[in-house]
Amino acid sequence: MEITKDEVLKLANLAKLSFNDNEIENITKDMQSIISFADTINKSSTSEEYEDKYSLNNVQREDVVVPSYSSEEILSNAAMVDDGHFFIPKRNNGSL
């Protein structure tokens, strides 16, 4: 697909952008480069051989329940506790 200067001017007008002639030339070249790259990606192989070779497998381990600390042990170092939970006071004017 070829991007033309007229198409870039039309898009610029829709976006309410204004460019000088040199900027329009550069934008046209950049957009053409982007479209060419997207075309290359679209033409890439998606065969089963490729998909099998590069397919992702779940490499995460299974969840295993293991013993942990009790709530009392965890909260023993907390500065403030409220009903078995960490208590964080609200800030007033940037201070606690």
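Visitor: Is Glu 25 buried, exposed or partly exposed?
Guide: In this model, which is a predicted one, Glu 25 has a relative accessibility of 34% and therefore counts as partly exposed, since that category lies between the limits of 20% and 50%.

Visitor: Which side chain does Glu 25 meet in a salt bridge?
Guide: The side chain of Glu 25 meets that of Lys 5, and the distance from N to O is 3.5 Å. The two partners come from distant parts of the chain, because Lys 5 belongs to helix α1 and Glu 25 to helix α2, 20 residues apart.

Visitor: And how exposed is Lys 5?
Guide: Lys 5 is partly exposed as well, with a relative accessible area of 35%.

Visitor: Why would two such side chains pair in general?
Guide: Side chains of opposite charge can pair when their charged atoms come close.

Visitor: How many salt bridges turn up in the whole structure?
Guide: A search of the whole structure finds one salt bridge.

Visitor: Okay, now the helices themselves: at what angle do α1 and α2 pack?
Guide: Helix α1, which covers residues 5–14, and helix α2, which covers residues 21–42, pack at an angle of about 105°, and their axes are 9 Å apart. The range from 65 to 115 degrees counts as roughly perpendicular, so that is how α1 and α2 are placed relative to each other.

Visitor: Which residues make that contact?
Guide: From α1 the contact uses Lys 5, Val 8, Leu 9 and Leu 11, while α2 contributes Ile 24, Glu 25, Ile 27, Thr 28 and Met 31. Sorted by type, the residues of this contact divide into six nonpolar, one polar and two charged.

Visitor: What is Thr 28 in contact with, leaving aside its neighbours within four places in sequence?
Guide: With those neighbours set aside, Thr 28 is in contact with Ile 3, Thr 4, Lys 5 and Val 8.

Visitor: Changing topic: where is Lys 16, and what is its phi?
Guide: Lys 16 is found in the loop between α1 and α2, and its phi is near 55°, a positive value in a residue other than glycine. With a relative accessible area of 76%, Lys 16 is exposed.

Visitor: What about Asp 83, then?
Guide: Asp 83 has a positive phi of about 55° although it is not a glycine, and this residue lies in the loop between β1 (81–82) and β2 (85–86). At 69% relative accessibility, Asp 83 counts as exposed.

Visitor: Stepping back, how many helices and strands does the protein chain have?
Guide: The protein chain has four helices and two strands, and from the N terminus on these elements run α-α-α-α-β-β.

Visitor: And how much of the chain is buried?
Guide: Buried residues make up 7% of the 96 residues in the protein chain. The accessible surface comes to about 9400 Å², and 52% of that surface belongs to carbon and sulfur atoms.

Conventions
Residues numbered from 1 in each chain as written. Predicted model: local features only at pLDDT ≥ 70, side-chain atom pairs only at ≥ 80, totals over all residues. Heavy atoms only, no water. Axes fitted to C-alpha atoms, helices over the stretch in contact; angles between N-to-C directions. Parallel < 35°, antiparallel > 145°, perpendicular 65-115°, else oblique. Contact = heavy atoms within 4.5 Å. Nonpolar A, V, L, I, M, F, W, Y, C, P; charged D, E, K, R; others polar. Salt bridge = Lys/Arg side-chain N within 4 Å of Asp/Glu carboxyl O. Buried < 20%, exposed > 50% of the residue type's maximum accessible area, 1.4 Å probe, protein only. Areas by Shrake-Rupley, 256 points an atom, 1.4 Å probe, with all protein chains shown as cover.
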